[in-house]
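Reader: I'd like to talk through this one before I look at it in detail. Could you put it up, please?

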Amino acid sequence: MKPMLMSDVGWCKAMKDAFAQHGLDVDALLAEAGLDLDTAEEIDLGELTDGFSRAWELAVAKTGNPAIGLTVPSHPLNSLGVLSHVVLSASNVRDALQAIMRFIHLISPTATIDSKAEGDRFFLSLQIASGKRPVPLQRYDFYSTVLLRGIHWLTGRRVVPLVFHRPGPAPAEPARWREAFGCNVVFGAPECVIEMALQDIALPIPTADQAVADLCERIATQLAEQQGGSVSIRVRQVLMKHLSKGDPRRETMASILCMSERTLQRRLTEEGTSFAELVDEVRREMAQRYFQHSQFSPTEITFALGFSDPSNFYRACKRWFGRSPSTMRCSN
Amino acid sequence: MQALVRPLAEHDALQQLTPMRRAATNIIDNAEAFERLVAELPVDVARIKSVAAARQQVWWDVLERYPHLAVWVAGNRSASVEVLAHLAVHGDMQTRLAVASAAGLSEEAMLQLAHDHDDLVRMRVACNPQTSRNALSALVDDPCTVVRKHAQARLAHDLSGTALPPSYLDDISMVDLHLLH
């Protein structure tokens, strides 16, 4: 298989495009952030997401613009990369979004998207893996902006969300976010969610083509399987979605990833990690996020992270942060 | 001769329909009617694709007065060969995509699209079941691996593209899908 450079991954291109629009020296900024995307093929996910976070922090600092994440890339296809064919041939917005959810690791290895429908509403929730540093909120802004502009571009209609739920405190100029999203923005949300009308998700895509959709789905599935180094990424993505359902089990994970437990263990060992290590890492990252961006009590966080017993969370918290959950809660 | 006469006869018959009759038979006679149809919610894709124009001038009017609807005109089954040929060189890539997936394209338009600068468009030509042997031949040396392999497989195994061997795309990688730009 030919090598794939991270600089060619869709979302990296879109980010660089957004920075360039603000007159930033993109190469210098990425170098300062410690992101060498041209040699980043096998980069550790934690280092990669920290590099992106640092890049966005620098972009905010250099432009003095906390709303830089609301920048629209010059072309939505820049961020879709290999998924361009899939979304353009999908029959409607829902199918296109589901394809993006299934194959997001092909265009953005650090993000996961989940969805649910309730009544006449559709909720698109976005998670970004954090490493040692928190994820800047501009990264959530950017993903959400790109997704909404992508829907506009695909359908030819401006789809305005009903509500945009944004983690973190309200910015100094909240009106800029309301204007950009065209809807009410709830700040301080526990996670980033775009709430939309179900009828907007049913909007058709005029370039739909079932034959092309089938072919592209097959290729995307093949590419996803070829991403030999991505098993740990996929495990992390699944963990982020399912931790709240209880203590994660390796056999369940293997089943979700359509592989045997032994294969999962072998692939993770080849990647220098283990299922237990990944569970611990994801729990630490999510705990950090909950402490920083939510008002959840330590007990609520205990269960959100899938711990069956608060005493286990207490011990883990002391090990991760050197502090108890209640101290962490107070200090954030 | 009969094949030539019948469309003309049908054309005359359409001109004579009353407005009520036209609505009932899914025929539009002006650009505004098509614009309203596309704007309706929920969007009725099947109707947008199948609605017929009372005369081809309606499509030219739509393109002139509502240029953003070009992609929907390209997907309409009654758009003429001339309209589709015009849209095959449209500046908007999505419109060219819709044309490349259309049935009833002229050989000239098909070849035009087979040489489109955008991989996404050429992929549609490679996948269109009505693509001619000539147009597929134009794609066998395509710079995009997927387009090239698909065209080669159709020419070698099954011109319609419905019964291709499962292994012909086995060695595709991410780099082969570097479409963008």
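Author: What follows goes through confidence, the two chains and a few individual residues of this predicted model.

Reader: Start with confidence: what are the ipTM and pTM of the model?

Author: The ipTM is 0.83 and the pTM is 0.74. Chain B averages a pLDDT of 84, and 80% of the residues in that chain score at least 70.

Reader: And where in chain B does pLDDT stay under 50?

Author: It stays under 50 over residues 1-18 of chain B, a stretch for which the model has 7 contacts beyond four places in sequence. Residues 20-24 of chain B are also below 50, with 4 contacts beyond near neighbours in sequence. Where pLDDT is low, the predicted coordinates should not be read in detail.

Reader: OK, on to chain A. How many helices and strands does chain A have?

Author: Chain A has 17 helices and 5 strands, and 44% of its 332 residues count as buried. Among the contacts in chain A between residues at least 6 apart in sequence, 68% join residues at least 24 apart.

Reader: Which domains does the assignment give for chain A?

Author: The assignment gives domain 1, covering 6-201, and domain 2, covering 229-331. The C-alpha centres of these two domains of chain A lie 23 Å apart, and 13 residues of domain 1 are in contact with 16 residues of domain 2. On the side of domain 1 that touches domain 2, the residues divide into 6 nonpolar, 5 polar and 2 charged.

Reader: Now helix 7 of chain A: what span should its 19 residues have?

Author: At 1.5 Å a residue, helix 7 of chain A (residues 137-155) should span 27 Å, and because its end C-alpha atoms are 27 Å apart, the model agrees with that expectation. Helix 7 is mostly covered, with 15 of its 19 residues buried. Just after helix 7 of chain A comes A:Gly156, which takes a positive phi of about 80°.

Reader: Switching to packing, which residues have the most contacts inside the largest nonpolar core?

Author: That core has 111 residues, and those with the most contacts inside it are A:Val87, B:Val73, B:Ala74, B:Leu84 and B:Val99. Leaving aside neighbours within four places in sequence, B:Val73 is in contact with B:Trp59, B:Val62, B:Leu63, B:Ala79, B:Val83 and B:Leu87. A second, separate core of 20 residues includes A:Val282, A:Met286, A:Cys317 and A:Met328.

Reader: What about chain B, how many helices and strands there?

Author: Chain B has 12 helices and 2 strands, which run α-α-β-α-α-β-α-α-α-α-α-α-α-α from the N terminus on. Of the 181 residues of chain B, 36% count as buried.

Reader: Which peptide bond in chain B is cis?

Author: The bond from B:Leu41 to B:Pro42 is cis, with omega near -5°, and B:Pro42 lies in the loop between helix 3 (31-39) and helix 4 (45-50) of chain B. Most peptide bonds are trans.

Reader: Last one: is B:Gly161 buried or exposed?

Author: B:Gly161 counts as buried because 20 other C-beta atoms lie within 10 Å, and the cut-off for buried is 20 or more. B:Gly161 lies in the segment after helix 12 (145-156) of chain B.

Reader: And what does B:Gly161 touch?

Author: Not counting residues up to four places away in sequence, B:Gly161 touches B:Cys127, B:Pro129 and B:Arg154. The C-alpha atoms of B:Gly161 and B:Asp61, 100 residues apart along the chain, are separated by 36 Å.

Technical notes:
Residues numbered from 1 in each chain as written. Chains lettered and ligands numbered in written order. Predicted model: local features only at pLDDT ≥ 70, side-chain atom pairs only at ≥ 80, totals over all residues. Helix = DSSP H or I, 4+ residues; strand = E, 2+ residues; numbered from the N terminus. Expected span 1.5 Å × (residues − 1). Buried ≥ 20, exposed ≤ 12 C-beta atoms within 10 Å, placed from the backbone. Domains from an automatic or database assignment. Contact = placed C-beta atoms within 7 Å. Nonpolar A, V, L, I, M, F, W, Y, C, P; charged D, E, K, R; others polar. Core = buried A, V, L, I, M, F, W, Y, C linked by C-beta atoms within 7 Å. pLDDT = per-residue confidence, 0-100.
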